[in-house]
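Here are a few notes to go with your first look at this one. Open the structure alongside and follow the points in order.

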Amino acid sequence: MNSSEPNLYLWLIPLLPLIGAAVNGLFGRRFPKKIVATVGLVFVAAAFALSAWASVQLLHMPLDRIPYIEEHLPWITAGGFQVDFSFYLDQLSMVMILVVTGVGFLIHVYSVGYMEHEGGYYRFFAYLNLFMFFMLMLVLASSYLLMFVGWEGVGLASYLLIGFFFLKDSAANAGKKAFIVNRIGDFGFLIAMFLMFQKFGSLNFSDVFKGASSLPVESAGAGILTAIALLLLLGATGKSAQIPLYVWLPDAMEGPTPVSALIHAATMVTAGVYMVARSNVIFNRAPIALTVVAVIGCVTALFAATIGMAQTDIKRVLAYSTISQLGYMFLACGVAAYSAAIFHLMTHAFFKALLFLCAGSVIHALGGEQDMRNMGGLRQKIPITFWTMTFGTFAIAGFPPLAGFFSKDEILFQTWDSPYGSKILWAIGLVTAGITSFYMFRLWFMTFFGERREAEHGTGHDNHGHANDGDHVHESPWIMLVPLAILAFFSFTGGWVNIPKVFGGNNLFDHFLAPVLSAGAATAEHENPGLEMTLALTSVVVASVGFAFAWLFYYKRRDLPGKFAAALNGFYTLVRDKYRVDELYNRLFVQPVIKLSRNFLWQQVDVGTIDAVVNEAANSAQHISNEARRMQSGNIRSYAGWVALGAAVVVAYMIWAGLQ
Amino acid sequence: MLTYIVIAAIKSVVLIHVLLGAVAYTVWLERKVVGHMQNRWGPTRVGPFGLLQPIADGVKFILKEDLTPPHVYKPLFILAPMLSVVLALTSIAIIPLGNQLPLGRWTTALQITSSPAGTGDINIGLLILLGVTSIAVYGIALAGWSSNNKYSLLGSLRASAQMISYELSLGLSLVGVLLLAGSLSLREIVTAQSRSYDFRWIPAWFPHWYVFPQLIAFFIYLISAYAETNRIPFDLPEAETELVAGYHTEYSAMKFAMFFMAEYANMFTVACVATLLFFGGWSGPVPKFLPPLVQAFVPLFWFAIKVLAFIFVYIWVRGTLPRFRYDQLMAFGWKFLLPLAIANIIITSLFVAWLS
Amino acid sequence: MVPLAYYLGLSTILFCLGVLGFLIKRNIITIFICIELMLNAVNLSFVAFSAYLKNLNAQVFVFFVMVVAAAEAAVGLAIIIAVFRTRETLNVDRVNLLKL
Amino acid sequence: MLHLILFFIFAAVCIAGAVNLLAQSHPINSALSLIVVMGSLAVLYLLLGAEFVAAIQIIIYAGAVMVLFIFVIMLLNAGIEEHSGKSYVAWFIGIPSVTVLVGLAVYSLVLYQENSDPAIGPEPILGSVQAIAHLLFGKFLLPFEVTSVLILIAIMGAVVLARRGES
C-alpha cells in the first residue's frame with residue numbers, strides 16, 4: 001500500500017469485534033453483566049463508526065481509485081500461490097459493512113435487554129462479537145480464500161449461537177444440522193476455488209475478475225466459468241438457505257431471537273447473495289448458471305412462501321419468509337440485476353431484522369410463547385411493538401412508500417424486463433409477493449388482533465427466564481424498543497435511496513453500485529416508465545389482495561381457515577409438514593451415511609486396519625527389545641567391546657571412502 | 001652444540017653443589033637464629049660458632065642405619081624421597097642467577113637453561129617452574145601412602161590437599177606481575193623491572209621493583225609459598241603434636257635427609273622466584289672501580305643477599321608464629337587468598353589496560 | 001626432521017593401548033586412567049597436526065580437551081567414591097546393576 | 001637429527017609407560033606410569049614447538065588431574081585388582097576389533113607416508129603463549145567461557161556426589 005493513498009485502517013474494522021469477543025470470552029465469566037454488555041456494544045459501535053468514516057472517505061475517493069485495496073502481511077505463500085491478509089473496499093462491500101455493523105449494533109443493543117435473564121450472558125456476547133468479526137472479514141476480504149475464512153467463521157458462530165441453549169437437544173441438533181448442511185455448500189465453494197486457481201492462478205478478486213473478463217461469454221454451452229459459477233452457487237445455496245440446502249434455516253430458530261434476527265435474517269444468510277453479486281463478472285459470462293440461479297431463487301421463493309402460510313410458530317413463519325426473500329434476491333442475481341439484489345438485501349436486512357426483533361419482543365412479552373395460536377389481542381398491551389411490527393409487515397408486504405415496495409418492485413421489473421429474465425419467473429415472483437403479504441398479515445392479525453387465546457399446548461421454545469403465563473403481559477424495556485424504533489424508521493425510509501424515475505427518483509443506488517456490478521452486464525435500463533408503472537401497480541394490487549385474504553381469514557371469519565384446511569386436507573398437511581423434505585433427506589442421505597460409517601468405516605477400517613497396525617507395531621517393538629536387551633548386560637567392559645567394534649567399522653568405512 | 005651441552009653440564013654440577021651447601025648452611029642458620037630468638041646459643045660445639053655442624057649432620061645421616069619397616073610398599077617407599085629431592089633441585093635449573101658471565105673465551109648466562117648463545121631464556125620459564133612445583137606433591141603423597149602408616153597417610157593427604165589448594169593462589173598471585181612485565185621468561189621479567197616508572201612524580205633512583213605495585217600479590221605469594229613448602233605456620237603435614245612426624249614418620253637416615261633437603265631446596269626456589277619477580281632479581285648498584293671479573297659477580301652477590309633475606313624471613317616467621325588448625329588453613333586458602341588474588345588480577349589488568 | 005607419520009603412529013599406539021586397557025582391566029580407577037591415556041594420545045595427534053599444518057587452532061583444542069578431562073576426572077572420581085561407598089568394591093564386573 | 005633422537009627416546013618412554021600401565025596390577029602403579037607417559041608427551045610437545053601446551057600438560061594433567069587420581073587411590077586404599085570372571089564380549093569382540101583398528105591405522109599411515117612430501121616440518125616455536133592467548137581470547141572466547149562454566153558445574157557435581165549421604 002503506497003503512502004499516497006489515504007489509509008482507511010480497514011484492518012481495524014474486523015479486529016475491534018474480535019477484541020471484544022476475546023475480552024468477553026476470556027474474562028467475561030468474572031465480569032458483571034453491565035461490563036459484559038458494555039464491552040460487547042463498545043467494540044461493535046467502534047467498528048460501525050470506523051466503517052462509516054471509511055465509507056465517507058470512499059465516497060470522496062476518485063472512481064479510478066476504487067476498489068481501494070489495503071494489503072497487509074502475507075498469509076500463505078506456496079510457490080506461485082500467494083494469499084495476503086488484504087482488505088478490499090468498494091461500493092458493494094461498503095454497503096455490506098454499513099448494513100452489517102449498523103444492524104448488528106442495533107441488535108446488540110436489543111440483546112442487552114432480551115438476554116437479561118439468560119444464562120451464559122458473556123458467552124452470548126462473545127459469540128455475537130465473534131460473528132461480527134467473521135462477517136466483516138467475509139465482506140472485506142480481497143480474495144476468495146480470505147472470504148472463505150469469514151464464510152467458515154460465520155458458520156461456526158451461527159453453529160455456536162444456534163446451539164446456545166446446548167442443554168436442549170433440539171437446539172444442539174439444530175446447530176449440528178446447520179453446520180453439516182453448510183459443509184455441503186462449502187464443499188462446492190472449495191471446488192470452485194480450486195478451479196479458479198487452476199484457471200487464473202490466483203484467488204485475489206482483482207486477478208480473478210481480470211482473467212474472467214478476458215474470457216468470452218459461454219453462451220454456447222457450459223464451460224469452466226459455468227462450472228465455477230454453479231459450484232459457487234452451491235456454496236451460496238448452502239449459506240443462504242436456498243433449495244436444496246435450505247433445510248437448516250427453520251431449525252436454526254432454536255437460537256435466541258436476536259441471533260435469528262442478526263444471523264439468520266439480516267446478515268449471514270445474505271452472504272451467499274453478496275458472494276454471487278461479488279462474482280458477477282463470472283456469472284455474467286455463464287448464462288446457464290445465471291438461469292439456474294434465477295430458477296432456484298424463484299422456486300425457493302414460492303416454495304418457502306407456501307410453507308410459511310401454514311406455520312404456526314411465529315419465528316418459523318419469519319424464517320420461511322426469510323428464505324423466500326432470499327429467493328427474491330437470487331432471482332434478482334439470476335437476471336443479472338445485482339444492484340436490485342443488493343438493494344433488496346439492504347432493505348430486507350432492515351425490515352426482517354425489525355420483524356424478528358418485534359417477534360422477540362412479543363415472545364418476551366408473553367414469557368416465551370411462540371405459538372401464534374396462543375396469541376392475539378396484543379395490540380393494546382404492547383403498542384410500541386405493535387406499531388413497529390406494523391411498519392415491518394407493510395414493508396415486507398411491499399406497500400408504498402415503504403422500503404420493501406421499492407426493492408421488490410425493482411426485482412420484479414428487472415425480471416420482466418432484463419434480457420436474462422422471463423415472464424414466467426415474473427409471474428411466480430408476483431404470486432409469491434401475494435402469498436408473502438398474506439402470511440405476513442396472517443401473522444400480524446393472529447398476533448395483535450382479536451382476543452387473547454390461552455395456551456392450549458406447547459410451552460415456550462425459547463426457554464426464557466420468565467414464568468410461562470400470559471397474565472402479566474408487559475411491554476419490553478426501552479433498550480429493546482429503541483432499536484425497534486430505529487429499524488422501523490429505516491424500513492420506512494430505507495427504500496428511498498433507490499426511487500426509480502417513474503416516481504420522480506433517479507435510481508441513486510443503482511448508479512452508485514454500477515461501477516462494481518454492471519460491469520458488462522446487460523441490466524435493463526428504466527427506459528419505459530409506462531411498463532414499470534403498471535408492474536408496480538400490479539404488485540401493489542396483489543399485495544392488497546393478500547392483505548384482504550388475511551383480513552378475511554384471520555380477523556373477520558376465524559372459522560374459515562379450519563374449514564379450508566379440512567377441505568384440501570392432504571395438501572394442507574403436506575404444506576404444514578414442510579413438504580416432508582427433512583424426512584426425504586433423512587432417508588436419502590443421512591441413513592446411508594450412518595450405515596456406511598458403522599459397518600465399514602468403524603468396524604473394518606478403524607478397528608480392522610488402523611488399530612491392528614498400531615498394536616502390531618507395538619508388539620513387534622516389544623519382541624525386538626526383548627532380544628536387544630541381552631546386549632545391555634551392565635558389564636562396562638562388554639560395552640567397551642561393542643564401542644571398539646563400532647570404532648573399527650567407522651574407521652574402516654572412512655578409509656574405504658577416502659580411497660574411493 | 002657440544003660445548004653448549006658441556007657448559008650446561010658443568011653449570012648444573014656447580015649449581016647443585018652450591019645449592020646443597022646452601023641448604024646445609026641454611027639449616028645451621030635456622031638453628032642459630034631460632035636459638036637466639038629463644039635466648040639459646042644454638043649449635044656451638046662443632047667448629048667455631050658450630051660452623052661445622054652441617055657436615056657433622058651429613059655424616060650422621062649417611063652413617064645411620066637406613067631401615068625400611070615391613071608392610072611398606074617398597075618401590076614407592078624408595079621412590080618417594082628421591083622424587084621430591086630431584087624435583088626440588090630441578091626447579092633451580094630454570095632460575096637465572098644473574099647476567100652474562102665472561103669466562104675467558106666463552107661468556108655464558110648464570111642460568112642452566114639458557115640458549116646456546118647464552119643470552120636467551122626459555123619463554124615459559126615461570127610456567128615450567130610452576131609445573132615442577134606442582135609435581136612436587138607426588139613425593140610427599142607417595143611417601144605417606146607407601147609407608148602404610150596412618151599418621152603418614154594423614155600427613156600426606158593433608159600435604160597434598162594443602163599444596164594443591166595453595167598452588168592456585170600462588171600461581172594467581174604471580175599473574176599480576178606477569179601482566180605488568182608482559183612475559184613469562186624470568187630473565188625478561190627481571191629486565192622489565194630495571195625500567196623506570198611511567199610516572200613523573202616517582203624519582204628515577206627509586207627501584208622499579210614489582211613488589212611496590214604488586215604489594216598485595218607479594219603477600220599472597222609469601223603466604224602461599226609457606227604453605228607450599230609446608231613450613232610453619234602451615235607445617236601441618238608434619239605436625240608433631242598431631243601426627244608424629246607426618247609423611248616422613250617411617251623414614252630414617254638418608255631418605256629422611258632427602259625430604260629435609262627437598263624442603264630447604266624448595267625454600268630456596270621460592271625465595272629465588274620472589275626475588276626475581278618482586279625484587280628485581282640481581283639488579284643492584286655495581287661499583288665501577290672493581291675489576292671486571294668481580295664486577296661480573298656483583299649481581300650474583302645482590303641476588304644472594306635478597307634470597308638470604310627471604311630465608312631469614314622464613315626462619316623469623318618460624319620462630320614467631322604458632323601453627324594453624326587444618327580447617328582454618330583450608331578456609332583461609334580458598335575463601336580469602338584465592339578471591340583476593342583474583343581481585344588483584346582484575347585490578348592489575350584494568351590498570352595495565354588504562355596505561356596502554 | 002621427524003615425519004608427521006611417526007607422531008601419528010605413536011598416538012595410534014597409545015590410543016589402542018588405552019582401548020586395550022579399557023577392555024582387559026577390571027579396576028574401575030585403572031579403566032579411568034586408560035581413558036586419560038586415550039585422551040592424551042588424541043592430544044598428541046592434535047599437536048602434531050597443528051605443528052605440521054602450521055595452524056594453532058589444534059593447540060587450543062588440546063587446551064579444551066584438557067579442561068574437559070579435568071572436569072571429567074573430578075566428576076568421575078567423585079562417582080567412583082560414591083560407588084565404592086555403596087558397593088565396597090572397585091571391580092567393574094561387580095558393578096553391573098543400576099540399583100542395589 | 002637431534003630432534004629425531006629425542007623423539008625416539010621419549011616415544012620409547014611413552015610406549016613403555018603405557019605398556020607398564022596395562023601390565024601393572026596395582027592402580028597406583030598404573031597412575032604413576034601414566035604420569036611418566038604424560039611427562040614424555042610434554043617433551044614431545046616441546047619438540048613440536050608447542051611450549052604452552054607442554055607446560056599446561058605438566059601443570060594441569062600431571063600436577064592436578066593425576067594428583068586427584070592418586071588422592072582417590074589413597075583414599076579408597078585400592079589394592080591389587082582381583083581376577084573376576086572375564087567378559088566374553090570384551091575378549092572376542094573388543095580385542096579383535098582393537099587389532100583391526102591398529103591394522104587400519106598402520107595401513108593408512110603407510111599410505112599417507114607414501115604420498116606425502118617429507119619437506120613439511122614443524123615450526124620452531126609455533127605455540128607461543130601470546131599466539132595461543134590471542135586465539136583463546138579472540139576467536140575461541142565463547143568456548144573458553146563455556147568451559148569455565150563446565151568446570152564450575154563439575155566442581156558442584158563432584159561436591160554433591162562425594163559428600164557423605166547425611167541426606
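Predicted model: local features only at pLDDT ≥ 70, side-chain atom pairs only at ≥ 80, totals over all residues.

1. What is it built from? Of the 167 residues in chain D, 38% are buried. If you take contacts in chain D between residues at least 6 apart in sequence, 61% of them link residues at least 24 apart.

2. Now look at where chain D meets chain C. Here 70 residues of chain D are in contact with 59 residues of chain C. On the chain D side, α1 (2-23), α2 (27-47), α3 (51-76), α4 (88-114), α5 (129-137) and α6 (141-162) each supply at least two residues. Which helix gives the largest share? That is α3(D), with 11 residues. By type, the chain D side of this contact splits into 56 nonpolar, 11 polar and three charged residues.

3. Over in chain A, find helix α17 (residues 403-417) and helix α18 (residues 423-448). Their axes come within 8 Å and cross at roughly 155°. An angle over 145 degrees counts as roughly antiparallel, so that is how α17(A) runs relative to α18(A). From α17(A), K408(A), I411(A), L412(A), T415(A) and W416(A) take part, and they meet K423(A), L425(A), W426(A), G429(A), L430(A) and A433(A) of α18(A). This contact between α17(A) and α18(A) comprises seven nonpolar, two polar and two charged residues.

4. Staying in chain A, check helix α4 (residues 121-140). Its 20 residues should span 28 Å at 1.5 Å a residue, and the end C-alpha atoms are 29 Å apart, which agrees. Is α4(A) mostly covered or mostly open? Mostly covered: 19 of its 20 residues are buried.

5. Last, the nonpolar cores. The largest has 213 residues, and the members touching the most others are F131(A), L136(A), L140(A), A341(A), A353(A) and L354(A). Helix α15 (residues 338-365) of chain A gives this core its largest share, 20 residues. For a closer look, pick L140(A): beyond its neighbours within four places in sequence, L140(A) is in contact with L10(A), I13(A), P14(A), F87(A), Y88(A), L89(A), S93(A) and I97(A). There is also a second, separate core of 181 residues, and its members include A257(B), F259(B), A51(C) and L41(D).

Key: Residues numbered from 1 in each chain as written. Chains lettered and ligands numbered in written order. Contact = placed C-beta atoms within 7 Å. Helix = DSSP H or I, 4+ residues; strand = E, 2+ residues; numbered from the N terminus. Nonpolar A, V, L, I, M, F, W, Y, C, P; charged D, E, K, R; others polar. Axes fitted to C-alpha atoms, helices over the stretch in contact; angles between N-to-C directions. Parallel < 35°, antiparallel > 145°, perpendicular 65-115°, else oblique. Core = buried A, V, L, I, M, F, W, Y, C linked by C-beta atoms within 7 Å. Buried ≥ 20, exposed ≤ 12 C-beta atoms within 10 Å, placed from the backbone. Expected span 1.5 Å × (residues − 1).
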